[in-house]
Amino acid sequence: MVDGLLDRLGVPASAYTNGNHPIHTPIDGSVIASVHLESKAQVVGKIDQAEKAFQAWRNVPAPRRGELIRLFGEVLREHKAQLGELVSVEAGKITQEGLGEVQEMIDICDFAVGLSRQLYGLTIASERPGHHMRETWHPLGVVGVISAFNFPVAVWAWNTALALVCGNAVVWKPSEKTPLTALACQALFEKALKAFGDAPEGLSQLIVGDREAGQVLVDDPRVPLVSATGSTRMGREVGPRVAARFGRSILELGGNNAMILAPSADLDLAVRGILFSAVGTAGQRCTTLRRLIVHRSIKDEVIARVKAAYGKVRIGDPRKDNLIGPLIDKQSFQAMQDSLARARDEGGIVFGGERQLQQDYPNAYYVAPAIVEMPAQTEVVRHETFAPILYVLAYDEFEEALRLNNEVPQGLSSCIFTTDLREAERFQSAAGSDCGIANVNIGTSGAEIGGAFGGEKETGGGRESGSDSWKAYMRRQTNTVNYSRELPLAQGIVFD
Ligand code: NAD
């Protein structure tokens, strides 16, 4: 299923055959490749090499570093269709979402190229005569990137495009469920390196490995920044370990995203927003809509409309004309069924959620998306289940809706559908949503790369992608220069 594709993407067959770790496609559960998991010594060797590359790369002028990313963007444009298809095969995303992920990579390359000429610092007014002060930004070193299965290529690109224009080297540990797309990214990046000509060897490295390989990156003091995307469970392990050696981390962890649906909302818009946010990527986005907090006066109508929309979505092979592909694996299906059972125990009324297409695909896990009417925000609702389950909660007063929005441990994405300006502004105010993303009349998922992406509380607090997220990939230096013939001290101190 993938040999021809990988060949066109420039991945040698030796990288994905005769390995010790089989790779299954979620489309039908069959084994499509087997990769070699790397040993601890191999990971250490890659960090050594990246460290050396960093020593040279940090001296290359930033706009020239941007040229490498420009070339990479060109290579991605050329191979968008193939890489998008490989994302569909390996992660189970529908074709449009696979292509969309590659488009995000291209977009972040464009952003990073511009950024390579805009790594601006400040000049600061000095209190001393004949002095000037400024702030400069320097590269950090080797940036470790750990990524999740559900965004197998874009998250790496978000981190790598910025890290490289900022003058760092990168070592990437993708999910053990999606190493093929990672091998393809590496091959495409090497194409860009070739066109660039004189980048240091080992500037961006790939580790094919499991979480033990990730831990080597996490513990190595030569990796000053670890950008880790995945579950809150993973972040709980990674965050303290990096902090224990005074490293920095960007943690992009689980979400539990809500929509407040107010009585004044445009319901046509809202139903479309719910559909894409709740069932897109089969509910396997960190920003997937998981909680619908709807005003009691419109609850029945909204549920009826969402159920009707759910009834029409086509479920099946993500490469064909369907809107919902498979869950990543059996474990994920089991976790969904466990949560639905728990929701029933906690008083929920479940619609949908059953396994689909079992006859056609006995070893793959397609599901009907579920809607669960809950009597309250119980334990199961407060927990992220990485599958298409939408819990519905009713509210009477706006403040109650806001409280429900914020009353979960996670803080990634949130939105309100309303035409009431006061509600919209209150939702985005300091006393409003406590999430990293707060939208009005747009669903919780599908962020653009231009904004800083990330969330609060158990989502980890990291920010990556647009805005000034680049600053996390650099170290700040404050410089004072004395061009006078005196040596005045700050704070008026006399030290004679
Ligand atoms: P996961 O936590 O199982 O794995 C993520 C990555 O972390 C993998 O590469 C894994 O090998 C690695 N890992 C796990 N434990 C580790 C450890 N102790 N040390 C080092 N590395 C370790 O997550 P997953 O199932 O691949 O992805 C789904 C989760 O990711 C969901 O919770 C989702 O919300 C979250 N996610 C968050 C964002 C975001 O930007 N906030 C984006 C995508 C996915």
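Student: Which residue in β16 is the bridge partner of L292?

Tutor: In this predicted model, the bridge partner that L292 finds in β16 is V392.

Student: What makes β11 and β16 paired strands?

Tutor: Two strands pair if DSSP finds at least two bridges between them, and five bridges join β11, residues 289–295, to β16, residues 389–395.

Student: In what order do the strands of the open sheet follow one another, and what is the pairing?

Tutor: Seven strands form the open sheet, in the order β12-β15-β16-β11-β10-β18-β19, and the pairing is mixed. From one strand to the next, the twist averages 20 degrees.

Student: Why is one side of β12 and of β19 left without a neighbour in the sheet?

Tutor: β12 (349–351) and β19 (437–440) each have a single partner strand and stand at the edges, so one side of each has no neighbour in the sheet.

Student: Which strands does helix α11 lie across, and at what angle does the helix run to β15?

Tutor: Helix α11, residues 299–312, lies across β10 (257–261), β11, β12, β15 (370–373) and β16, and runs at about 165 degrees to β15.

Student: Which residues come nearest to the ligand, and which elements give two or more residues to the shell?

Tutor: Among the 29 residues around the ligand, A148, G214, G230, E252 and C286 come nearest. The elements that give two or more residues to this shell are α8 (211–219) and α9 (232–244), and the largest share, four residues, comes from α8. By class, the shell has eleven nonpolar, eleven polar and seven charged residues.

Student: How do you know that both domains take part in the shell around the ligand?

Tutor: The domain assignment gives domain 1 (3–253 + 460–478) and domain 2 (257–440), and the shell draws at least three residues from each of them.

Student: How far apart are the centres of the two domains, and how many residues does each give to the contact?

Tutor: Taken over C-alpha atoms, the centres of domain 1 and domain 2 are separated by 31 Å, while the contact takes 13 residues from domain 1 and 17 residues from domain 2. On the side of domain 1 that touches domain 2, the residues divide into four nonpolar, five polar and four charged.

Conventions:
Residues numbered from 1 in each chain as written. Predicted model: local features only at pLDDT ≥ 70, side-chain atom pairs only at ≥ 80, totals over all residues. Near = placed C-beta within 6 Å. Nonpolar A, V, L, I, M, F, W, Y, C, P; charged D, E, K, R; others polar. Domains from an automatic or database assignment. Axes fitted to C-alpha atoms, helices over the stretch in contact; angles between N-to-C directions. Contact = placed C-beta atoms within 7 Å.
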